[in-house]
Amino acid sequence: MTGQVRTVDGRVAGRRGQATRQKLLDCLSEMLSTSPYRDVKVIDVARKAGTSPATFYQYFPDVEGAVLEIAEEMAKEGAGLTDLVAGRSWAGKSGAQAAEELVEGFLSFWRKHDAILRVVDLGAAEGDKRFYKIRMKILNSVTNSLTDAVKELQAKGRYDKDVSPAAVAGSIVAMLAAVAAHQKGFQSWGVKQAELRPALTLLIHLGITGRKPPK
């Protein structure tokens with residue numbers, strides 16, 4: 001966490017206050033992984049953190065405000081997903097490697113932040129613009145770089161020029177996000193994690209290059 005941390009009434013929090021605030025966020029994150037978002041109450045978060053509801057309200061207006069703080073921090077980390085695709089070559093075996101690393105990095109990020117991402121998806125689906133912006137910030141980190149990759153291939157005459165690069169990239173990222181959110185569900189279809197990654201890698205490579213990855 002960088003910069004000054006302030007209380008709800010605008011005072012700068014001291015070192016102990018910052019530690020208490022972070023503990024409240026950590027406890028809330030833990031609770032979101034085991035309880036439905038709507039069931040999490042301020043008193044339960046405060047009790048888990050060993051403090052009082054009054055202390056919670058010094059730092060956050062409500063549970064939703066604290067959840068947004070966690071989501072914003074997660075989105076900052078999500079911005080790093082762009083490194084998985086920015087400036088990558090999609091020619092030959094380099095393209096296969098780029099697709100493979102994108103799949104691995106994206107699925108790993110989603111698994112790590114599964115609980116808060118479920119809340120972000122819920123808020124975005126309900127039309128909350130704050131959660132929608134956070135969700136799009138994460139997806140755009142990959143979409144924009146993939147769009148540039150398709151444009152580059154079009155410029156070299158290696159991709160159909162009638163196809164919208166943004167539509168291709170957006171479709172691929174939407175697919176990635178849907179699959180990432182459904183990782184546990186694949187087990188009910190008899191699909192193992194070890195089988196999911198190669199399938200996704202194939203689809204992404206096909207989508208970006210129009211070709212199967214080289215053996």
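**A walk through the model**

K48 is partly exposed, with a relative accessible area of 40%; here buried means under 20% relative accessible area, exposed means over 50%, and partly exposed lies in between, using a 1.4 Å probe and protein chains only. Before going on, please note that this is a predicted model, in which local features need pLDDT of at least 70, side-chain atom pairs count only at pLDDT 80 or more, and totals for chains, interfaces and linings use all residues. Residues are numbered from 1 along each chain as its sequence is written, and side-chain values use heavy atoms, with hydrogens and water left out.

Let us stay with K48 for a moment. K48 forms a salt bridge with E30, and the closest N and O atoms are 3.3 Å apart. A salt bridge is a side-chain nitrogen of Lys or Arg within 4 Å of a carboxyl oxygen of Asp or Glu. This pair links distant parts of the chain: K48 sits in helix α2 (residues 42–48) and E30 in helix α1 (residues 15–32), 18 residues apart. Helices are DSSP runs of H or I with at least four residues, strands are runs of E with at least two, and both are numbered from the N terminus. E30 is partly exposed, with a relative accessible area of 45%.

Now step back to see the whole chain. It has nine helices and zero strands, and its C-alpha atoms fill a box of roughly 60 × 40 × 30 Å, taken along the principal axes. Of the 215 residues in the chain, 42% are buried. The accessible surface comes to about 11700 Å², and 53% of that belongs to carbon and sulfur atoms; such areas come from the Shrake-Rupley method with a 1.4 Å probe, and for residues only the protein chains shown count as cover. Contacts tell us about the fold too, where contact means heavy atoms within 4.5 Å. Among contacts between residues at least 6 apart in sequence, 64% join residues at least 24 apart.

How many salt bridges does a search of the whole structure find? The search finds 14. One of them is between the side chains of E64 and R130, at 2.6 Å from N to O. This pair also links distant parts of the chain, with E64 in helix α4 (residues 63–78) and R130 in helix α7 (residues 129–155), 66 residues apart. E64 counts as partly exposed at 26% relative accessibility, and R130 counts as partly exposed at 41%. The side chains of K137 and E72 meet in a salt bridge as well, at 3.4 Å from N to O. K137 lies in helix α7 and E72 in helix α4, so this pair ties together parts that are 65 residues apart in sequence. Salt bridges that share partners also join E64, D128 and R130 into one network.

Next, look at the aromatic rings. A pair of aromatic rings is described by the distance of the centres and the angle of the planes. Rings of Phe, Tyr and Trp (its six-membered ring) pair if their centres lie within 6.5 Å; planes under 30 degrees apart count as stacked, over 60 as edge-to-face and the rest as tilted. By this rule there are five aromatic pairs. The rings of F56 and Y57 have centres 5.7 Å apart and planes at 85 degrees, so this pair is edge-to-face. Is F56 buried or exposed? F56 counts as buried, because its relative accessibility is 0%, whereas Y57 counts as partly exposed at 42%. Another edge-to-face pair is F186 and W189, with centres 5.2 Å apart and planes at 80 degrees. Here F186 is buried, with a relative accessible area of 13%, while W189 is exposed, at 57%.

Ring pairs also link F56, Y57 and F60 into a cluster. For residues 41–60, UniProt lists "DNA-binding region" in an unreviewed entry; its positions are given in the numbering used here, feature names are shortened, and annotations may be inferred rather than shown by experiment. The span is 70% helix and 0% strand, and its end C-alpha atoms lie 13 Å apart.

Our last stop is helix α9. T201 has its place in this helix and counts as buried at 10% relative accessibility. Not counting residues up to four places away in sequence, T201 touches A96, A99, E100 and V103. L203 lies in helix α9 (residues 193–209) too, and L203 is partly exposed, with a relative accessible area of 45%.
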